[in-house]
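This report describes a protein model from its overall fold down to single residues. The sequence and structure come next.

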There are 2 protein chains.
Amino acid sequence: MAWDVAGTKRKILDAAAREFTQRGPDGTTMERIAKLAGVNKERVYNYFGGKHELFEIVLREKLAIIAEAIPVDSFTPEGIGEYAGKLFDYNYEHPDLVRLVLWEALSFPADVPEEQQRRDYYAGKTNSFGEAQTSGDLSAALPPEHLNFLLLALAGYWSVLPQVARMMTNDQSVAEVARRRASVVEAARRLAATP
Amino acid sequence: MAWDVAGTKRKILDAAAREFTQRGPDGTTMERIAKLAGVNKERVYNYFGGKHELFEIVLREKLAIIAEAIPVDSFTPEGIGEYAGKLFDYNYEHPDLVRLVLWEALSFPADVPEEQQRRDYYAGKTNSFGEAQTSGDLSAALPPEHLNFLLLALAGYWSVLPQVARMMTNDQSVAEVARRRASVVEAARRLAATP
DNA sequence: TTGATAACCAACGGCAACGTTGGATAATGA
DNA sequence: TCATTATCCAACGTTGCCGTTGGTTATCAA
């Protein structure tokens, strides 16, 4: 039977992603990852190093996916609303990523992988907002980097504290999710609107 | 030498709060808590039960403090802005609480301590918002429970993802914190404003 | 003073996790 | 065919943690 190194690595990464997402770095065991991947523990160490390295690799892979990410189509209040809506959708469809980032934020507050790259990514968006403010398409009431951040907040908080969202809305139906999205879009428009 | 049961309990609770805040439920060890409290491990088990119980007790105590909480003084856009500003201040001054709640959200998504009580607390605020909308003081563009939630998002996200805030603003100075606060206040006003 | 109760602690058993190792099995190239 | 290299895995040593226990010291009431 032929080797399938790439396949084995993939199975390990997928299992690791599931476990880390669910239980976090400390709650996850290498034994469990190996078992879920149908692989011997030693393979995990040999391919990916220790637990911390594996967590970082998993997180990086997921971050790379979102980096493709969500573009801002138009820098008008309407466009900003749609952007926030898409952020909301993305968070809703990928609760994994939110959880991973939170685990990382709590467990390893110091080191951010690919920090420079992410800074550049955010800076690009912020600059675009800034230009749209200068040209008068967007309100300049908020500094562009704060506008950028607060849009993430509006769209992301629902996935960060789902219990609070649940307690506050008394509802978890599909219709409620649609209402939440509409509220996020409306709120984003208001942050962007010129008087 | 006289017993000091209350004092011992307090020392344990304080040490536990520090450790859980820093390392989360899985990263914290009972041994370490006992050592930090200057107490034998057995005392911890005898007074507070197992690790999970202790975590819940610590979290409840902190939540009780915030339940005193932050009132909304006036239900006008200005009042809402000030409310959001105070929420921001509270989060900024008590990063412990945010971290504890996040650990809990990630580690035990199912069980929320004092759920009914917290529901009532949120419902009270939501109702007040609803009335202010009916009377025309606040915009009715957002359902009151969503307005409530989004205000928490604007004020809280900075403490939830401090690395992202740092990368996006390239600044951690006291002045930047004040700017962030101002942006939160302005954003909250905009969510509340009538046209 | 003495007996009962409650606070305290050192040491332990058991277990689960980390990371490793020594050897077996498959692939490859000469 | 045989030597070499890479993949794989069962079993192991070690560590660290959970939760408990057996016994000691302090307090207090009779």
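## Fold and extent

Among contacts in chain A between residues at least 6 apart in sequence, 66% link residues at least 24 apart, a contact being heavy atoms within 4.5 Å. Chain A contains 10 helices and zero strands, and its pattern along the sequence is α-α-α-α-α-α-α-α-α-α. Helices (H or I, at least four residues) and strands (E, at least two) are DSSP runs, numbered from the N terminus. The C-alpha trace of chain A spans about 65 × 40 × 35 Å along its principal axes. Of the 195 residues in chain A, 51% are buried; buried means under 20% relative accessible area, exposed over 50%, and partly exposed in between, with a 1.4 Å probe and protein chains only.

## Basis and confidence

This is a predicted model, in which local features need pLDDT of at least 70 and side-chain atom pairs count only at pLDDT 80 or more, while totals for chains, interfaces and linings use all residues. Residues are numbered from 1 along each chain as its sequence is written, chains are lettered from A and ligands numbered from 1 in the order in which they are written, and side-chain values use heavy atoms, with hydrogens and water left out.

The predictor's confidence in each residue is given as pLDDT, from 0 to 100. Chain A has a mean pLDDT of 93, with 97% of its residues at 70 or more. Within chain A, helix α10 (residues 174-192) has the highest confidence, at 98, and α4(A) the lowest, at a mean of 87.

UniProt, in an unreviewed entry, lists residues 6-66 of chain A as "domain: HTH tetR-type". UniProt positions are given in the numbering used here, feature names are shortened, and annotations may be inferred rather than shown by experiment. Over residues 6-66, chain A is 89% helix and 0% strand, with the end C-alpha atoms 23 Å apart.

A:His52 is located in helix α4 (residues 51-68) of chain A. With a relative accessible area of 34%, A:His52 is partly exposed. Apart from neighbours within four places in sequence, A:His52 contacts A:Phe108 and A:Asp111. A:Asp171 is 119 residues from A:His52 along the chain, and their C-alpha atoms are separated by 38 Å.

## Symmetry of the two chains

Chain A superposes on chain B by a rotation of 180 degrees with 0.0 Å of shift along the axis (RMSD 0.1 Å). The two copies are therefore related as by a two-fold rotation axis. The superposition is by least squares on the C-alpha atoms of residues with pLDDT of at least 70 in both copies. Because 100% of the interface residues of chain A are also interface residues in chain B, the copies meet through the same surface.

## The interface

In chain A, 55 residues are in contact with 55 residues of chain B. The buried area between the chains is about 5,100 Å², with carbon and sulfur atoms giving 70%; this is the accessible area (1.4 Å probe) that two parts lose on being put together, summed over both. A:Leu106, A:Phe149 and A:Met168 supply 16% of the area that chain A buries against chain B, more than any other three residues.

Two salt bridges are found across the interface of chain A and chain B, each a side-chain nitrogen of Lys or Arg within 4 Å of a carboxyl oxygen of Asp or Glu. A:Arg166 forms a salt bridge with B:Glu115, their closest N and O atoms being 3.0 Å apart.

A:Thr126, in helix α7 (residues 115-134) of chain A, is buried at 10% relative accessibility. Beyond neighbours within four places in sequence, A:Thr126 is in contact with A:Pro144, A:Glu145, A:Asn148 and B:Met168.
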